[in-house]
Amino acid sequence: MTRIRPILATALIVCAGAGAVHAAEDVAIVYDASGSMWGQIDGRSKVEIAREVMADLVNGWEDGTNLGLVAYGHRRQGDCTDIETLIAPGPLDKAGFIERVNAIRPVGKTPLSAAVRHAAELLSWRDNPATVVLISDGLETCNADPCALAAELAQQGVGFTAHVVGFDLGEDVSLACIAENTGGVFVPASNAQELQDALAQVKTVIESRSEPAPPPPVEVPAVTLTGPATVTTGATFDVSWSGTINPRDYITILPMGAKEGQSGTYIRVDDDNKGTLTAPAETGIYELRYVLNEGAKTLASVAIEVVAPAAGVSGPATVTTGAIFDVSWSGTINPRDYITILPMGAKEGQSGTYIRVAADSKGTLTAPAETGMYELRYVLNEGGKTLATAAIEVVAPEVGVSGPATVTTGANFAVTWSGTINPRDYITILPMGAKEGQSGPYIRVADDTEGSLTAPAETGMYELRYVLNEGAKTLATAAIEVVAPEVGVSGPATVTTGANFDVTWSGTINPRDYITILPMGAKEGQSGTYIRVADDTDGTLTAPAETGMYELRYVLNEGAKTLASVPIEVVGVSIDLTAPPAVRAGSKLTIGWTQSVNPRDYITIVPAGEAEGKHGGYVRVETVTSREVTAPDAPGLYEIRYVLNEGAKTLGRKPLEVRPADAPMDDGAGLTVPASAAPGETVTITWTGGGTGTDERIALARKEQPDFTWLTAMTATDAKTLNLQMPQEPGLYEIRFLDLGGPSVLGRAVVEVR
């Protein structure tokens, strides 16, 4: 069965000894992995479609089948010898076979002829009957003649047959000769479902050849088929039928007298009794056929004449290049037909800009960029046939563009234009004499006649251009000179690392320009901390963390070009910290510092030896010189750090010992306190020192109470000893030596009541 429509986007070659597809017979599948397999059909790649269909095909083989796999074009580009047997014919492992197919990645050429010969040799075609099923999305690309090869294999082999399934081949039927020269069939498929159907049909033909004897004739029920007597080219039309044999049977339209097994556009009968087909693009006498899926036998047919439709198209006599214009048409044949504009006398099947006719009778197109004689065409979607034409001349428009004679680098400036051809056209600024199609900064013309552009960063002669969106053609130009601006920047001669400092500049070129601070001699285009100039002439920057010579720069936003610079030295600073040398875990302590560099700097406590930049909890220094913080919960050696917010650089540090939460602490009192006592027991407290205050007391408090609150307190006498009754409630308590004049805690110790 031959056919004149193309088919697939991948090439599979199936070879079977004696044409059999049953248990114990050898079968080889040759997989086309040429680069064209990455093409798409209905939004899906052909390789993806092929993998799914291959999986269904392999799962349909009987378990006793001996199956092999050959691939080509899967390893190297441009290599016509890239053909490999991946699985030698043997007992079928369906899951393993499908996994091996899915791992193939298309990259190379299409050596069809060599692949067919390779598969034939794999099955000893000179000594045994062999059947090849070729499914290809492309033609031979390795200077071989597949038609001659097929004739050679059929002549020299023992019962060699090749069936061909074409996938996504357009109108090319040159591969049909492979089937014709070997007594095989040629079947088309244009999508995933048709590919699956085609393989099933070929498999049926192969199986029918391998049967030892045909079954007795089966009486076929009567089938009727009806359709219109005439239909216009490319139009959709209704058909109906009765007596469905199998839901996989199909209705097709073919030229009158076409050979059995051929098919044109078709629909499956499913469980319906009516449907819709599309008429061919060529006029003539055709016939509708009800075709049995099993064996592709025609069970019923009816004559139908395809006639030329009456269609018309019209538009303006002239239109300017790139402009949007109205078109209208009459006699819509198919909603998928389209209206296009092409040079007068362009070959059939070409297309320019176009619109689908849908259910409308009018629409808009965009004129080409080049002047000349063109024609509007009403084109049939089926076959790309032109049904009606109308002449139209594309003429040059009259448009102008203007702007200032000079503009400073990077500045915004106003431009105007005399008229709009297409809202998608644009105004751009380019160096004088720049090639057609280049673009710099631009704005769309939309429905306006004025706008603003940004001047380039480099001085020189430029030109404004009105550019047609269609074809990027320049319709008008105006010269403009970009000149250097006069601008200055200033700041302090020195600044401390990480500090905020004031900067000023003499004028603004563009509000998006910026002031930045960089190491002296840094390359153009680099930036550190920065501020936009906006509409101001002064602002604040933050100095870098590292000392050294720097420069302030006024930088043009357009092209990051430096317009002015001034040197500035970043100098270091040392911060002294004050804090107690030791504290209890989780207790409060006050940390002081000699000065603040930046309000965003912070005080943190970290384990001794911690890397630079690490921090735990922290407090900002803001504008004060001391803060109360909480000591870490884990005892150990720590370090208090003053850290610069800019660059997380440590400017001051002081060691801190964190002792257990119940550790005795002494700052001159020399307290002696028992570790535990019974509820209500009177204990003796002694001390050896004290402060210089006039109001010093021995206080009893719950351990968690604030330092200067208590349950009871007694005056610290010169006797340096006193008796104190403990509370009745068990728990942890603290004896404290308090100097209320300080106020300060000169000693503390924990007593457990139990």
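**Ground rules.** I worked on a predicted model, in which local features need pLDDT of at least 70 and side-chain atom pairs count only at pLDDT 80 or more, while totals for chains, interfaces and linings use all residues. I number residues from 1 along each chain as its sequence is written, and side-chain values use heavy atoms, with hydrogens and water left out. Helices (H or I, at least four residues) and strands (E, at least two) are DSSP runs, numbered from the N terminus.

**Entry 1, helices 1 and 2.** I looked up how helix 1 (residues 46-60) packs on helix 2 (residues 94-102), and found an angle of about 160 degrees with the axes 10 Å apart. Axes here are lines fitted to C-alpha atoms, for helices over the stretch in contact, and angles run from 0 to 180 degrees between N-to-C directions. The two helices are therefore roughly antiparallel to each other; the classes are roughly parallel under 35 degrees, roughly antiparallel over 145, roughly perpendicular from 65 to 115, and oblique for the rest. The crossing of helix 1 and helix 2 is right-handed, a term for the near helix being turned clockwise from the far one by less than a right angle, with anticlockwise giving left-handed. On the helix 1 side I listed Arg51, Met54, Ala55, Val58 and Asn59, which meet Lys94, Phe97, Ile98, Val101 and Asn102 in helix 2, contact meaning heavy atoms within 4.5 Å. By class, this contact has six nonpolar, two polar and two charged residues. For that count, Ala, Val, Leu, Ile, Met, Phe, Trp, Tyr, Cys and Pro are nonpolar, Asp, Glu, Lys and Arg are charged, and the others, Gly among them, are polar.

For helix 3 (residues 112-122) and helix 4 (residues 146-156), I noted axes that come within 9 Å and cross at roughly 20 degrees. That makes helix 3 roughly parallel to helix 4, and their crossing is right-handed. Ser113, Val116, Arg117 and Ala120 in helix 3 meet Pro146, Leu149, Glu152 and Leu153 in helix 4; these residues divide into five nonpolar, one polar and two charged.

I traced an open sheet of five strands with the order 19-25-24-21-22 and mixed pairing, where two strands pair if DSSP finds at least two bridges between them. Strand 19 (318-320) and strand 22 (354-356) stand at the edges with a single partner strand each, so one side of each is left without a neighbour in the sheet. From one strand to the next, the twist averages 30 degrees. Strand 21 (residues 338-343) pairs with strand 22 in the antiparallel sense over three bridges, and Ile339 stands opposite Ile355 in strand 22.

Strand 33 (residues 473-483) pairs with strand 27 (residues 406-408) in the parallel sense over three bridges, with Thr408 opposite Val483. With strand 32 (residues 460-468), strand 33 pairs in the antiparallel sense over nine bridges, and here Ala476 is the bridge partner of Tyr466. Strands 32 and 33 form a hairpin with four residues between them, and Gly471 in the turn has a positive phi of about 85 degrees.

I found an open sheet of three strands in the order 42-44-47, with antiparallel pairing. Strand 42 (577-578) and strand 47 (626-630) are at the edges, each with a single partner strand, so one side of each is left without a neighbour in the sheet. Strand 42 and strand 44 (residues 588-593) pair over two bridges, and Leu577 stands opposite Trp593 in strand 44.

Ala446, in the loop between strand 30 (442-444) and strand 31 (450-454), has phi near 50 degrees, a positive value in a residue other than glycine. Ala446 is partly exposed at a relative accessible area of 28%; buried means under 20%, exposed over 50%, and partly exposed in between (1.4 Å probe, protein chains only). Ala560 also has a positive phi near 50 degrees, lies in the loop between strand 40 and strand 41 (561-571), and is buried, with a relative accessible area of 19%. Thr547 sits in the loop between strand 39 (538-542) and strand 40 (548-556) and counts as partly exposed at 44% relative accessibility. Leaving aside residues up to four places away in sequence, Thr547 touches Thr497, Val570, Val571 and Gly572.
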